[in-house]
Amino acid sequence: MMKWIIIVLGLVAAGFGVSHFIHMPEDSAQIPWEKMVEPGSLNKAHAFLADDCLSCHTPVKGVERDKCVACHANDTHIVARQPTAFHTDIKECASCHVEHKGESANISLMSHIALVDIGFNMLPNPNVPFDEGAATMAFLENILANKQTPDPLFVHPEVSDKEALLNCTQCHSNDDRHLGLFGEDCVQCHSTDKWSLPKFIHPSSQSRDCNQCHEAPPSHYMQHFKMISAKVAGEPKAKVEECYACHQSTSWNDIKRAGWYKHH
């Protein structure tokens, strides 16, 4: 009898749109009903809730933010850290935190596009005339439609139009090694999946503005610079800020007239 009750509940869930109960991929129509009734085990951090579905799920509506907050409201370390402080205002959790993937699965699946979609959904009703949300939505949709901003800037080719709308510094200002010198539009140079720049093209080796981006090591401000460093490069009269006099743009240790040399 219990087996048939489970089957009926599964079919009822499917009838009401099971995608509202659990985080389902776009091809959820191909998933058998058994998976809908038994979606998979929880991460070990949530394992104690395995027999209490309603602690996270609301019938028909699915996982709601308020139920997440009920348990995580005291996680002050999340809102205290600059990279994760945005969780204070976010109104939807399931786009980035997906459960039922197994005990050892990572339930934090960072998606910049999901953040944009959540931001759109948090705007006031765009269908209300003269509403601030309507104006904001129209502005952002125009950017996406025309693939440009009022002040067009280069955007990394691997960054999507939606991702380019994000304010990178809201989460990553503490990661900025450029100390704000390059502005706040990180997507001009960086993609959203990694900080490294494999396609970065260094300015000409004849550049005279190295010290705008690079700071000399402490040893260059001691006698070590005049006694050893400058002499090795054959530039005894070079100044500390004249990086180009001794260094190649290929690597800091690739010294002109000396080749690969490391003595620090």
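Predicted model: local features only at pLDDT ≥ 70, side-chain atom pairs only at ≥ 80, totals over all residues.
**Entry: Arg 257 and its partner**

I checked the backbone of Arg 257 and read a phi near 65°, a positive value in a residue other than glycine. For context, most residues other than glycine have a negative phi. The relative accessibility of Arg 257 is 60%, so I filed this residue as exposed.

I then looked for a charged partner. Arg 257 forms a salt bridge with Glu 235, and the closest N and O atoms are 2.8 Å apart. Glu 235 sits in the loop between H8 and strand E3 (254–255), whereas Arg 257 is in the loop between E3 and strand E4 (259–260), so the pair ties together parts that are 22 residues apart in sequence. Glu 235 counts as partly exposed because its relative accessibility is 26%.

**Entry: the other salt bridges**

How many salt bridges does the structure hold? I count three salt bridges in the structure.

One of them joins Lys 162 to Asp 117, with 2.6 Å between the closest N and O atoms. Lys 162 belongs to the loop between helix H6 (132–146) and H7, and Asp 117 to helix H5 (residues 112–122), so this pair ties together parts that are 45 residues apart in sequence. I read 28% relative accessibility for Lys 162, which is therefore partly exposed. Asp 117 is also partly exposed, with a relative accessible area of 29%.

I also recorded a salt bridge between the side chains of Asp 193 and Lys 194, at 3.4 Å from N to O. Asp 193 is exposed, at a relative accessible area of 57%, while Lys 194 is partly exposed, at 33%.

I looked at His 100, which is not a glycine and has a positive phi of about 65°. His 100 is placed in the loop between helix H4 (76–80) and H5. Its relative accessibility is 21%, so His 100 counts as partly exposed; the cut-off for buried is under 20%.

**Entry: cysteines**

I searched the whole structure for disulfides and found zero. For Cys 71, which is in no disulfide, the nearest cysteine sulfur is that of Cys 56, 6.9 Å away. A disulfide needs the two sulfur atoms within 2.5 Å, so the distance of 6.9 Å rules this pair out. Cys 71 is exposed, with a relative accessible area of 54%.

Cys 171 is in no disulfide either, and the nearest cysteine sulfur, that of Cys 168, is 8.9 Å away. Is Cys 171 buried or exposed? I have Cys 171 down as buried, because its relative accessibility is 14%.

I then turned to Cys 53, in the loop between helix H2 (33–37) and strand E1 (57–58). Cys 53 counts as exposed at 52% relative accessibility. From Cys 53 to Val 63 I count ten residues in sequence and 9.8 Å in space, C-alpha to C-alpha.

**Entry: nonpolar cores**

Which residues make up the largest nonpolar core? I listed eight residues in all: Cys 210, Ala 233, Ala 238, Cys 243, Tyr 244, Ala 245, Cys 246 and Ile 255. Leaving out residues up to four places away in sequence, Ala 238 touches Phe 225, Lys 226, Ala 245 and Cys 246. Another core lies apart from this one and has five residues, including Phe 86, Ile 90, Ile 118 and Cys 171.

**Entry: a nonpolar surface patch**

On the surface I found a nonpolar patch formed by Leu 179, Leu 181 and Phe 182, with about 380 Å² of accessible area together. Phe 182 lies in the loop between helix H7 (169–172) and helix H8 (223–232).

**Entry: totals**

I counted eight helices and four strands in the protein. Along the sequence they follow the pattern α-α-β-β-α-α-α-α-α-α-β-β. Of the 264 residues, 24% count as buried. The protein exposes about 18800 Å², and carbon and sulfur atoms supply 58% of that area. Among contacts between residues at least 6 apart in sequence, 51% join residues at least 24 apart.

Terms used: Residues numbered from 1 in each chain as written. Heavy atoms only, no water. Patch = residues over 30% accessible without salt bridge, like charges linked within 9 Å, V, L, I, M, F, W, Y side chains within 5 Å. Areas by Shrake-Rupley, 256 points an atom, 1.4 Å probe, with all protein chains shown as cover. Salt bridge = Lys/Arg side-chain N within 4 Å of Asp/Glu carboxyl O. Helix = DSSP H or I, 4+ residues; strand = E, 2+ residues; numbered from the N terminus. Buried < 20%, exposed > 50% of the residue type's maximum accessible area, 1.4 Å probe, protein only. Core = buried A, V, L, I, M, F, W, Y, C linked by side-chain atoms within 4.5 Å. Contact = heavy atoms within 4.5 Å.
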